[in-house]
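User: I would like a close look at one part of this model. Please keep it brisk and connected.

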Amino acid sequence: MGNGTGFGGATRIGTGWGSMSSITRMGYFNRDAHEDVVARDGAGALWLYRGTGSGFAMRRTIGSSGWNGMREITPVGGLDGDGYPDLLPPLL
């Protein structure tokens with residue numbers, strides 16, 4: 001974990017990440033000041049892992065299919081002005 005001056009020892013934050021084909025930092029998806037993560041599984045579903053400050057809350061689906069056709073998934077901040085971060089799939 002980073003501490004502002006370097007990295008301390010490794011900390012396990014979960015298991016099963018190997019089944020994901022893409023993982024990206026999402027920022028504060030639910031505006032609670034804890035970093036969130038979005039991951040894509042092999043079937044193309046998107047999963048949100050809400051950060052709790054000491055790990056992650058139970059994941060939930062935020063995109064049921066079709067995301068496996070995207071080369072990458074990029075968080076871009078708030079594009080539509082609603083105050084929540086957005087994901088931008090690249091053009092193929």
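In which strand is Ser-22 found? Start there and take me through the sheet around it.

Analyst: Ser-22 is found in strand β1, residues 20–27. A note on the source: this is a predicted model, where local features need pLDDT of at least 70, side-chain atom pairs count only at pLDDT 80 or more, and totals for chains, interfaces and linings use all residues. Residues are numbered from 1 along each chain as its sequence is written, and side-chain values use heavy atoms, with hydrogens and water left out. Strands here are DSSP runs of E with at least two residues, numbered from the N terminus.

Ser-22 counts as buried because its relative accessible area is 14%. Buried means under 20% relative accessible area, exposed over 50%, and partly exposed in between, using a 1.4 Å probe and protein chains only. Leaving aside neighbours within four places in sequence, Ser-22 is in contact with Val-38, Ala-39, Arg-40 and Ile-73. Contact means heavy atoms within 4.5 Å. Ala-10 is 12 residues from Ser-22 in sequence, and their C-alpha atoms are 21 Å apart in space.

Now the sheet. It is open, with 4 strands in the order β1-β2-β3-β4 and antiparallel pairing. β1 and β4 (60–63) are the edge strands, each pairing on one side only. From one strand to the next, the twist averages 30°. Two strands pair if DSSP finds at least two bridges between them.

Phi of Ala-33 is near 70°, a positive value in a residue other than glycine. Ala-33 counts as exposed because its relative accessible area is 54%.

Next comes β2 with β3. The two run antiparallel, and 4 bridges join β2 to β3 (residues 46–49). Val-37 has Tyr-49 as its bridge partner in β3. Arg-40 has Leu-46 as its partner there. The two strands form a hairpin with 4 residues between them, and Gly-44 in the turn has a positive phi of about 95°.

Look at the side chains of β3. In a regular strand, side chains alternate between the two faces of the sheet. From β3, Leu-46 and Leu-48 point one way, Trp-47 and Tyr-49 the other way, and all are buried.

β3 and β4 pair in the antiparallel sense over 3 bridges. There, Trp-47 has Thr-61 in β4 as its bridge partner.

One more strand deserves a mention. Leu-88 sits in strand β6, residues 86–88. Leu-88 counts as partly exposed because its relative accessible area is 43%.

Key
Axes are lines fitted to C-alpha atoms, for helices over the stretch in contact, and angles run from 0 to 180 degrees between N-to-C directions.
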